[in-house]
Amino acid sequence: MGAALALAERTRGRTAPNPNVGCILVADDRVVGRGWTQPGGRPHAEAKALAAAGAAARGATAYVTLEPCAHVSPRGPACADLLVAAGIARVVVALGDPDPRTDGAGIARLHDAGIAVATGVRAEDAARSMAGFLTRRRLARPFVTLKLATSLDGRIALPDGSSRWITGAGARAHAHLERSRHEAILVGRGTWETDRPSLDVRLPGLEERSPLRVILSSRPHPSAPAALPPSPDGRGKRRAAPKGEGERETVSIDSPAAIATLPADHILVEGGAATAAAFLRADLVDRLLLYRAPILIGAGKAALGDLGIADLGTTHGRWLLHDARDLGTDRLEVYERTPCSPA
């Protein structure tokens with residue numbers, strides 16, 4: 001299952017509205033097939049693994065990070081049916097599929113075909129891997145990661161706004177990797193106007209994974225490019241890309257809650273302090289990426305604006321440390337919203 005989870009990470013942030021799933025087929029203690037959900041959501045992981053295994057799939061065990069789908073789509077067959085037809089002997093599932101078209105029906109179909117099924121293997125890891133898909137299903141909005149790059153004293157810039165570079169090359173490369181795992185990246189209007197950030201992925205081989213750019217602005221910018229017609233599915237107001245920044249699309253939204261309308265299951269919020277605070281006040285942050293450089297700035301710009309907190313007692317127990325590592329001389333800490341926190 002660990003190998004299947006690793007495969008699923010290859011397309012995290014690229015499969016919406018489908019989940020990013022991984023699948024491993026094992027026969028006689030040998031891996032005979034590997035698959036992961038492809039960009040755009042199809043083919044599914046099981047279909048790719050079965051195609052790779054061919055006849056070797058008969059009698060094999062399938063390890064899959066999400067319950068095999070039970071519904072036939074114009075884009076492809078039901079994975080539960082494919083596993084049955086291939087003669088799979090046993091299926092190990094990490095997590096049940098909350099999609100009402102499957103939700104237990106995929107496992108039931110395997111049982112009915114005489115296939116042994118085990119469930120709940122590394123379910124917590126699978127839920128973390130597919131957090132975008134699951135958050136969209138549960139809360140009707142994307143999974144939100146807030147990224148902050150600060151000094152030891154919580155500053156993101158000098159008093160004059162200079163911020164390049166607080167963190168070193170290793171931390172910045174990791175931040176670009178995180179960008180590649182999100183469908184959208186969001187900044188506030190002030191950051192957009194002041195810094196004119198490219199908001200792309202600048203890692204060799206991953207440039208094409210640059211996410212949709214989103215600007216949070218409560219009012220139209222008089223010098224911004226003219227708004228394009230709304231997208232056919234109504235997901236956000238589209239704007240032309242700024243001059244010299246290629247053909248990537250830029251979307252404008254007027255409130256943090258409007259992320260629910262975006263065509264994304266994972267959103268990375270990068271700046272600035274007012275925008276970060278707005279998402280925290282709205283209780284829309286699921287994960288924190290805190291990059292800290294071993295420097296002290298003093299009278300600089302704070303990482304966050306006012307959160308409206310009147311009682312320190314209400315601040316404890318909301319965040320749990322999930323990961324911490326050194327990136328060169330910088331330190332990365334990853335925090336996740338506690339399960340009991342309101343959504």
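This is a predicted model: local features need pLDDT of at least 70, side-chain atom pairs count only at pLDDT 80 or more; totals for chains, interfaces and linings use all residues.
Q: OK. Which residues touch the most other members in the largest nonpolar core?
A: L25, L83, I88, V91, L110 and M130 do, in a core of 35 residues. A nonpolar core is a set of buried Ala, Val, Leu, Ile, Met, Phe, Trp, Tyr and Cys residues joined through side-chain atoms within 4.5 Å. Buried means under 20% relative accessible area, exposed means over 50%, and partly exposed is in between (1.4 Å probe, protein chains only).

Q: Which elements give two or more residues to this core?
A: Helix 1 (2-8), strand 1 (22-27), helix 2 (45-53), strand 3 (61-64), helix 3 (79-86), strand 4 (90-93), helix 4 (105-112) and helix 6 (131-139). Helices (H or I, at least four residues) and strands (E, at least two) are DSSP runs, numbered from the N terminus.

Q: What does I88 touch?
A: Leaving out residues up to four places away in sequence, I88 touches L25, L50, A57, G59, A60, A62, L83 and I115. Contact means heavy atoms within 4.5 Å.

Q: And what is in the second core?
A: That separate core has 22 residues, including L146, L148, L288 and L290.

Q: Back to L110. Buried or exposed?
A: L110 is buried, with a relative accessible area of 0%. It lies in helix 4.

Q: What is L110 in contact with?
A: Its contacts are P68, A80, L83, V84, V91, I115 and V117, setting aside neighbours within four places in sequence.

Q: How far is L110 from L146?
A: Their C-alpha atoms are separated by 40 Å, and the two residues are 36 residues apart along the chain.

Q: New topic: how are two packed helices described?
A: By the angle between their axes and the distance between the axes. Here, axes are lines fitted to C-alpha atoms, for helices over the stretch in contact, and angles run from 0 to 180 degrees between N-to-C directions.

Q: So how do helix 3 and helix 4 pack?
A: The angle is about 20 degrees, and the axes are 9 Å apart. That makes helix 3 roughly parallel to helix 4. Angles under 35 degrees count as roughly parallel, over 145 as roughly antiparallel, 65 to 115 as roughly perpendicular and the rest as oblique.

Q: Which residues make that contact?
A: A80, D81, L83 and V84 come from helix 3, with G106, R109 and L110 from helix 4. They divide into four nonpolar, one polar and two charged. Ala, Val, Leu, Ile, Met, Phe, Trp, Tyr, Cys and Pro count as nonpolar, Asp, Glu, Lys and Arg as charged, and the others, Gly among them, as polar.

Q: What about helix 2 and helix 3?
A: They pack at an angle of about 20 degrees, with axes 9 Å apart. They are therefore roughly parallel to each other.

Q: Which residues meet there?
A: E46, A47 and L50 in helix 2 meet C79, L82, L83 and A86 in helix 3. This contact has six nonpolar residues, no polar and one charged.

Q: Which residues of helix 6 are buried?
A: A131, G132, F133, L134, T135 and R136 are. Their cover includes helix 5 (123-129), strand 6 (143-150) and strand 12 (266-271).

Q: Which peptide bonds are cis here?
A: One of them runs from A16 to P17, with omega near 5 degrees. P17 sits in the loop between helix 1 and strand 1. Another runs from R42 to P43, with omega near -10 degrees. P43 is in the loop between strand 2 (30-36) and helix 2.

Q: What is phi at D28?
A: It is near 55 degrees, a positive value in a residue other than glycine. D28 is in the loop between strand 1 and strand 2. It is exposed, at 79% relative accessible area.

Q: And L199, buried or exposed?
A: L199 counts as buried, at 2% relative accessibility. Its phi is also positive, near 50 degrees.

Notes: Residues are numbered from 1 along each chain as its sequence is written. Side-chain values use heavy atoms; hydrogens and water are left out.
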